[in-house]
Amino acid sequence: MYQKFNNRLAGQTAIVTGSSSGIGSAVALALAKEGANLVINYSRDEAGANKIVDAINSDDLAGTAIALHADVSKEDQVQEMFKKSIEHFGTIDILVNNAGLQRDFAVQDMSLADWQMVIDINLTGQFLCAREAIREFLKRGPRPEVSVATGKIICMSSVHEVIPWGGHVNYAASKGGVMMLMKSMAQELGSKKIRINSIAPGAIKTPINTHAWDTPAAETELLKLIPYNRVGEATDIGAVAAWLASDESDYIHGTTIFVDGGMTLYPGFYGNG
Ligand code: BGC
């Protein structure tokens with residue numbers, strides 16, 4: 001069903017958090033297509049996770065997949081997920097810190113619970129998962145037979161790590177935090193050959209932002225923010241994640257790759273300002 005590519009991740013195991021739908025599932029499928037084993041993590045959508053697992057396992061791919069539940073904001077659940085993953089596949093080579101959500105309100109209407117939930121899942125969740133992955137990478141050491149790097153972490157950020165986003169201050173703050181978490185971990189762990197980067201998607205057609213593209217009027221408005229003049233697809237992110245997890249991008253460390261059709265070019269300034 002999914003065309004095999006170059007087996008660039010053969011023999012490696014990846015955990016993709018929040019991969020029961022949207023960008024996470026596209027990333028998981030892209031890594032599987034490259035030969036990786038996959039842990040499909042979910043917090044609520046078990047059926048969605050099982051569908052991705054079945055798609056990977058029923059295809060003629062080098063790796064296999066399992067679904068594991070964990071709310072990434074809960075330390076014990078994250079540790080249990082890593083324990084089970086390592087028991088099942090032997091080790092972890094790649095972590096894609098993808099799980100994230102939005103709870104959008106004007107600042108004056110935002111409850112502490114709505115602020116906290118977004119920070120807990122989008123930022124603390126990335127810390128908790130990265131910490132477990134780093135512990136495993138340091139404990140096991142290099143695996144030169146599969147990769148030049150001892151381990152790789154990809155943080156799913158957003159254009160809103162740099163573009164302020166009124167009406168979404170919890171989300172934008174979480175992604176700004178992800179940027180400095182990623183960069184600081186990369187500075188700290190580069191000498192251990194743990195390679196850490198972010199992908200910053202722009203507007204990608206997923207359940208998180210359906211209202212922004214599912215009518216012609218909404219899509220026309222959205223396209224004003226995208227110089228390349230199309231809304232992104234989850235597969236656009238999957239393709240970049242597969243390459244960023246592979247040795248082809250071995251010298252890329254501590255940076256954010258924007259995959260946004262030019263949204264960060266601030267197109268409102270064209271002919272203005
Ligand atoms: C958000 C989407 C939004 C996009 C561009 C993403 O990080 O989750 O809802 O459409 O940024 O603004």
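User: Which residue has its backbone oxygen 3.0 Å from a polar atom of the side chain of Asn97?
Analyst: In this predicted model, Asn97 lies in strand S4, residues 94-97. Asn97 has a relative accessible area of 2% and is buried. A polar atom of its side chain lies 3.0 Å from a backbone oxygen, and that oxygen belongs to Gln126.

User: Which residue in S5 does Val96 stand opposite?
Analyst: Strands S4 and S5 pair in the parallel sense over four bridges. Within this pairing, the residue of S5 opposite Val96 is Ile154.

User: What is the hand of the β-α-β crossover from S4 to S5?
Analyst: Between the two strands the chain passes through helix H4, residues 112-140. A crossover counts as right-handed if, with the strands pointing away from the viewer, the path from the first strand over the helix to the second runs clockwise. The crossover from S4 through H4 to S5 is right-handed.

User: How many of the residues of strand S5 are buried?
Analyst: Gly151, Ile153 and Cys155 point one way from S5, and Lys152, Ile154 and Met156 point the other way. Residues on both sides are buried. For strand S5, residues 151-156, the count of buried residues is six of six.

User: What is the bridge partner of Cys155 in S6?
Analyst: S5 pairs with strand S6, residues 194-201, in the parallel sense over six bridges. The chain gets from S5 to S6 through helix H5, residues 169-189, in a right-handed β-α-β crossover. In S6, the partner of Cys155 is Ser198.

User: Why is helix H1 described as largely enclosed by the rest of the structure?
Analyst: Among the buried residues of H1 are Ile23, Val27 and Leu31. H1 is largely enclosed because its buried residues number 10 of 12.

User: How far apart are the end C-alpha atoms of H1?
Analyst: Helix H1 covers residues 22-33, which is 12 residues. At 1.5 Å a residue, H1 should span 16 Å. The distance in the model agrees with this, at 17 Å.

User: How much of the ligand's area does the protein bury?
Analyst: The residues around the ligand include Ser158, His160, Trp165 and Met263. Oxygen atoms of the ligand lie 2.6 Å from a polar side-chain atom of Gln102, 2.5 Å from an N or O atom in the side chain of Tyr171 and 3.2 Å from one in the side chain of Asn209. Taken alone the ligand exposes 310 Å², and the share of this that the protein buries is 90%.

User: What is the phi of Asn229?
Analyst: Most residues other than glycine have a negative phi. Asn229 is in the loop between helix H6 (216-223) and helix H7 (234-245), and is exposed, with a relative accessible area of 51%. Its phi is positive, near 65°.

User: Is Tyr266 buried, partly exposed or exposed?
Analyst: Tyr266 is found in the segment after strand S7 (256-259), and its phi is positive, near 50°. Its relative accessibility is 37%. Buried requires under 20% and exposed over 50%, so Tyr266 is partly exposed.

How values were computed:
Residues are numbered from 1 along each chain as its sequence is written. This is a predicted model: local features need pLDDT of at least 70, side-chain atom pairs count only at pLDDT 80 or more; totals for chains, interfaces and linings use all residues. Side-chain values use heavy atoms; hydrogens and water are left out. The expected span of a helix is 1.5 Å times one less than its number of residues. Buried means under 20% relative accessible area, exposed over 50%, partly exposed in between (1.4 Å probe, protein chains only). A residue is near a molecule or strand if one of its heavy atoms lies within 4 Å of it. A polar contact is a pair of N or O atoms within 3.5 Å; within protein, one must be able to donate a hydrogen and the other to accept it, and residues adjacent in sequence count only if both atoms are side-chain atoms. Accessible areas come from the Shrake-Rupley method with a 1.4 Å probe; for residues, only the protein chains shown count as cover. Two strands pair if DSSP finds at least two bridges between them.
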